[in-house]
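Visitor: Could you take me closely through a single part of this model, the sheet and the helices that pack on it? I would like the terms spelled out as you go.

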Number of protein chains: 2
Amino acid sequence: MLTYMGQKAQTAARILACAPTAQRDAVLKDIADRLIAARSDILAANERDVEAGAANLTEAMIDRLLLNEKRLGAMAADLRHVAELPDPVGEAFEQRTLPNGLQLRKQRVPLGVLGVIYESRPNVTIDIAGLALKSGNAVILRGGSETICSNKALVEVIGQSLRATGLPPDAVQFVDSPDRTLVLALLRLVKYVDLIIPRGGAALHNFCRQNSRIPVITGGVGICHLYVDDSADPGKALDVIRNAKIQKPSACNALDTVLVHRAIAPVFLPMLVSCLSGDGVVFKAHESAASLLRNGGQDLPLSITAAAPDDFDTEWLSLVLGLKVVLSLDEAIAHVNAHSQGHSDGILTASRRNAEHFVAEVDSAAVYVNASTRFTDGAQFGLGAEVAISTQRLHARGPMGLRELMTYKWIATGDYHVRL
Amino acid sequence: MLTYMGQKAQTAARILACAPTAQRDAVLKDIADRLIAARSDILAANERDVEAGAANLTEAMIDRLLLNEKRLGAMAADLRHVAELPDPVGEAFEQRTLPNGLQLRKQRVPLGVLGVIYESRPNVTIDIAGLALKSGNAVILRGGSETICSNKALVEVIGQSLRATGLPPDAVQFVDSPDRTLVLALLRLVKYVDLIIPRGGAALHNFCRQNSRIPVITGGVGICHLYVDDSADPGKALDVIRNAKIQKPSACNALDTVLVHRAIAPVFLPMLVSCLSGDGVVFKAHESAASLLRNGGQDLPLSITAAAPDDFDTEWLSLVLGLKVVLSLDEAIAHVNAHSQGHSDGILTASRRNAEHFVAEVDSAAVYVNASTRFTDGAQFGLGAEVAISTQRLHARGPMGLRELMTYKWIATGDYHVRL
């Protein structure tokens, strides 16, 4: 079954890659219109998923799979926004004429066929389909079994729009069986699929990386650090830390660990704990920090527990924050490079020299100077849309926009040039 | 053993990534000097490989593993040339200030640790070590068992240079056992190796792609086409075809198949066969071409045989050329997209419109208009050096220079910016 889907996707991808900008934009707007027009069917299908999940899903999971008119409206608005973005297909760059007169340029072309494996949010179906079509890529979608009715209804709408705008319906296909061996089969479709994008937790990413024969964009997992240098403005540093921790604790770019220089720690740490405790944050304190936070040298406040050895290798995704005191900038850098997953890490400092040293030595997808880690996001970085956040090193790193769904070809134009 | 090598390589890579340009250039020049100074030891080691191979290697294979003073001199000269190239490390690009005042830029940083698996040419050891060090990457080399003495001698020299210039000797490590299970172990070192680059034939590339858990740059295999449009200048077209076929038939960018428009074929094909037969080329003719080439309608000339079905899926790497007549530009494009491995394909035409159509529809790493496929090469494209030619789609496509051994990080500098 998947081989056949792969063949059809590849054929569709070739047509899509040559389809004009207006046609690819039109299909996005048409999907947006149909999402609204078909809302009663879509919401009815979604209700079947919600009912089926009532028995065994948590409230948070139900919320994630739930669609309503407002959410459908937001999905439609996102599609219209993506349609307005500049077309990445065909963009020429690095143009030059070689000494022998051969004219050389690179031209962006779609990657081809994307395989996207995701979990319970049905909006990902529309989101990824929109980004794939905009960038001229075909896509094979594999959503979670708990949203299968919603996804079928959404893919049905997408298919109608593809037909209505004259694009191949196979450009967006959906694996509509909950059979998990099909995920493995998708990861082995080397001949037809050019890139695998998992959207979900660490377990899904690891599974894809372990089993895929196709390049995988892994990411979405971040153990994010902020280091408070002794030169940092304590009040402003606190604002940034609070933002990075509490603005959206479940996000991959939310803060996990604060490292504080020992010269500022005796003043800064109690201030930090006092402020963030008010937001409901609880702390995992390394002994270096705990020793400064004991009440009268005896007990830790209730919001603080001693950090276990692997706490600094844990992505909290909740209102938990690790605390550690470091003796120097270099100790901070060493801690970050040892425990970060290469997502987002930053320094808060008044010293340009220390900032430069931190930026040079910390090798994460996004490195911050005096800013919240929460900025690691395609929209925040001005990319217009976000496909994923890559924490692997090849092809694209950090937030991926439309351009990161492209490859290029070299085009050389001569006058019957021969190599000497 | 490989895990330990991986750990050491990762540590070395972190030091190397922050080493100044001058130090990385100095080590290349130092290796060049020592290659010449240690030539008697190196050539003696190489002689042991040649003697060991005498019994079971072909003359061509012996020639490939052979070193002499001239070849050592060329290797040293290449290193000095690479040392002079601009440093790709730390290059900033896509700088911008976001509406909120956050300053954002991308900065090129080394990929980290490369794993390079190659076959009999010992010059690859020096070549890759030089490119890795120049680009701030550590490398684990796995050469062919038939060149193990030569490679040990070369790696010994590299180690001396690394120590002499104060760089970590583990930046270039060599798997000095012929045990083939170590190749598999290298392909599984996900935790320490960032990119696998195979340098060799199709079997090696397929093995790496099948077995690697690390991203692999596959390439080096090309079934290259030139399509002769009915508007092409026959004499000039012949010059380009001859160059693409005979200048270096063993190269991956050498021509494999000529497609000729039927309007020009009755004149052009006999001309082509007559000219290239003089160079020793033999032909595999599709019936569409053979029917135009039979002597007096009876027999094919001795240099021509009827093409078997899979001949158009064969990379010849020798003086063999496939011939086919097509009814239209679209048939030519369909043939190329069905049989090309996405390496190098071109059109010979006087029609700008046909050239544009071919360029738009043919999705190969390098697409040519009125030029020989032999130009697909890092040096010819002005990249200064060539790591490999990629025919996969992610990260880099076509000739890869130093910049293609880099990734980037995002650097965001603010004034205690928080996300709203």
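Guide: Two strands are said to pair if DSSP finds at least two bridges between them, and the elements themselves are DSSP runs numbered from the N terminus, helices being H or I of at least four residues and strands E of at least two. The model is predicted, so that local features need pLDDT of at least 70 and side-chain atom pairs count only at pLDDT 80 or more, while totals for chains, interfaces and linings use all residues. Residues are numbered from 1 along each chain as its sequence is written, chains are lettered from A and ligands numbered from 1 in the order in which they are written, and side-chain values use heavy atoms, with hydrogens and water left out.

Strand 13 (residues 366-371) of chain A and strand 16 (residues 406-417) of chain B run parallel and are joined by five bridges; V367(A) stands opposite I411(B) in strand 16 of chain B. This pair belongs to an open sheet of 10 strands with mixed pairing, in the order 10(A)-9(A)-11(A)-8(A)-7(A)-12(A)-13(A)-16(B)-2(B)-1(B). Its edges are strand 10 (304-306) of chain A and strand 1 (92-97) of chain B, each of which pairs on one side only. On average, neighbouring strands of the sheet are turned by 20 degrees against each other, direction ignored.

Helix 10 of chain A packs on this sheet, where it touches strands of both chains, among them strand 7 (224-228) of chain A and strand 16 of chain B, and its direction makes about 170 degrees with that of strand 7 of chain A. Contact here means heavy atoms within 4.5 Å, and axes are lines fitted to C-alpha atoms, for helices over the stretch in contact, with angles from 0 to 180 degrees between N-to-C directions. Helix 11 of chain A also packs on the sheet, touching strand 7, strand 8, strand 9 (282-285), strand 10 and strand 11 of chain A, and its direction makes about 175 degrees with that of strand 11 of chain A.

The two helices also meet each other: helix 10 (residues 234-246) and helix 11 (residues 265-277) of chain A pack at an angle of about 45 degrees, with their axes 11 Å apart. That angle makes helix 10 of chain A oblique to helix 11 of chain A, since angles under 35 degrees count as roughly parallel, over 145 as roughly antiparallel, 65 to 115 as roughly perpendicular and the rest as oblique. Among the residues in contact are L238(A) and I241(A) of helix 10 of chain A, and F268(A) and L272(A) of helix 11 of chain A.
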